[in-house]
Every structure is written in structure tokens, then in C-alpha cells.
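Subject: Structure for your review

Dear colleague,

Please find the structure below, followed by a summary of what was found in it.

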Amino acid sequence: MMGGTPVHIRPMKARDLDRVCEIEEEIFPCPWSRTSFENELAADKCAFPWVVEKNGDVVGYLVSWLVEDELHVGNIAVAPSLQGAGVGRELFAHCLGTAVERGVTRATLEVRVSNTRAIALYESHGFIPVALRKGYYSDTGEDALVMLKTIPSRDEAD
Ligand SMILES: CC(C)(COP(=O)(O)OP(=O)(O)OC[C@H]1O[C@@H](n2cnc3c(N)ncnc32)[C@H](O)[C@@H]1OP(=O)(O)O)[C@@H](O)C(=O)NCCC(=O)NCCS
């Protein structure tokens, strides 16, 4: 738990989308559309979208997918005024912990090579760089770093 008011992490709901889209548009040069988030809410078989609240307000979110035993993190963001205060770390740890409870053995994500803050967060959770996707981001042509975390299955861990 971070200092000050504790955060509350829960599944994303349709009522969160105004605030989620506001944060998304404030942060990202190529923001996800509202329809993209709506699709995540509808894709209940594999999509796990989360929000994090502080003092009852949505201050961040994370979209992930669970396919078989693999977790893929597609999006994570924290409102600019609260970045650097531990909210992203709690949200990321929550998503990972829930996936591990469900038997995930690998987790993957892509991140801009210049995003040192996010890369540091992922590395501190045991993700390692495994590949580079050249020119992956269409806005700047920046490369994406593909990161992977392997998690021993419960059978292997016993
Ligand atoms: C990336 C992001 C989700 C992290 O959330 P956050 O709440 O700001 O991060 P936290 O305060 O929980 O810090 C997590 C880790 O990030 C790193 N970090 C945080 N602030 C940092 C800074 N100013 N400089 C460098 N690294 C920093 C550290 O490794 C930190 O770990 P620590 O707590 O052991 O120091 C958030 O900064 C964000 O929304 N950024 C813009 C959107 C984005 O880049 N999303 C990721 C796309 S892949």
C-alpha cells in the first residue's frame, strides 16, 4: 500500500469510461478510442480491465488479456498528477497476482524503448527484454521492446 489514502483496485465498468478516456487522451499521443475500451468490457472471456481508485476517483487503469496460461498487458496508465507515487506499482502487482492465482505461467507486454519509467516498473516485477519490434509505434516510428516474465507453474513449484 502506498502512503496516504489507500488505493482500491477493481474491475473496470462502463461507468468508468468517461474518466478512463480522459486520462488516456491526456497521456498518450495515440490514445485508445472509447470503442476500444468498450470492446474490452464486452470481451469477458479473456479481457481483464482494471481501474484503481483513490478517494473514490478513478486515477488509473490497466487492460490485460488472459489466454490459456499467458497474460498480456495491453495498456497501463496513471493520471499525471499521481504518477510516481506508487499507484502504478500497486495496479501492476494486482493484475499480475490475480493472473498467477489463475495459473498463468508467462506474462508479456510491449513498451516504447524510450519509456524508462515503465521499463523499470516491469523489470522490478521480473520482466526481461526478449525482442525488439522495429518501428512498432506508428506515431513516431519508435521501436517496441517485448518483455517477458516466466512464472513456474504450481506443479513445477511444488
Ligand atoms: C508507467 C506508469 C503506469 C507507472 O505508474 P506510476 O504510478 O507513475 O509508477 P510508480 O510510482 O508506481 O513507480 C513504479 C516504478 O516506476 C519507476 N519510476 C517511477 N517514477 C519514476 C521516475 N520519475 N523516473 C524513473 N522511474 C520511475 C520506478 O521503477 C518505480 O519503482 P520504485 O517504486 O521502486 O521506485 C505511469 O507513470 C504512467 O501512466 N505513465 C504514462 C503512461 C505509460 O507510459 N504507460 C506505460 C505504457 S507501456
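The structure holds one cavity of 30 Å³ or more; a cavity is a set of points, on a 1 Å grid over the protein atoms alone, where a 1.4 Å probe fits but cannot get out. This is a predicted model, in which local features need pLDDT of at least 70 and side-chain atom pairs count only at pLDDT 80 or more, while totals for chains, interfaces and linings use all residues. Residues are numbered from 1 along each chain as its sequence is written, and side-chain values use heavy atoms, with hydrogens and water left out.

The largest cavity has a volume of about 40 Å³ (the space filled by probe spheres set on the grid points, which are joined across faces, edges and corners). Its lining residues, those with an atom within 4 Å of a point, include Phe48, Trp50, Cys95 and Arg102. Strand 2 (47–54), strand 3 (57–67) and helix 3 each give two or more residues to this lining, and helix 3 has the largest share, with three. Helices (H or I, at least four residues) and strands (E, at least two) are DSSP runs, numbered from the N terminus.

The largest pocket has a volume of about 1,000 Å³; a pocket is an open set of points with protein on both sides within 12 Å along at least five of seven lines. Of the 35 residues that line the largest pocket, Phe28, Ile76, Asn115, Ala118 and Tyr122 lie nearest its centre. Strand 4 supplies the largest share of this lining, seven residues.

The ligand sits in the largest pocket, meaning that more than half of its atoms lie within 2 Å of the pocket's grid points. Around the ligand are 20 residues, of which Val78, Gly86, Gly88, Arg89 and Asn115 are the closest; a residue counts as near if one of its heavy atoms lies within 4 Å. Helix 4 contributes the most to this shell, with five residues.

- Gly86: a polar backbone atom is 2.7 Å from an oxygen atom of the ligand.
- Gly84: a backbone N or O atom lies 2.8 Å from a ligand oxygen atom.
- Gln83: a side-chain N or O atom is 3.4 Å from an oxygen atom of the ligand.

Taken alone, the ligand exposes 930 Å², and the protein buries 70% of that (accessible areas by the Shrake-Rupley method with a 1.4 Å probe).

Yours sincerely

Methods:
Polar contact = N/O pair within 3.5 Å; in protein donor to acceptor, adjacent residues only side chain to side chain.
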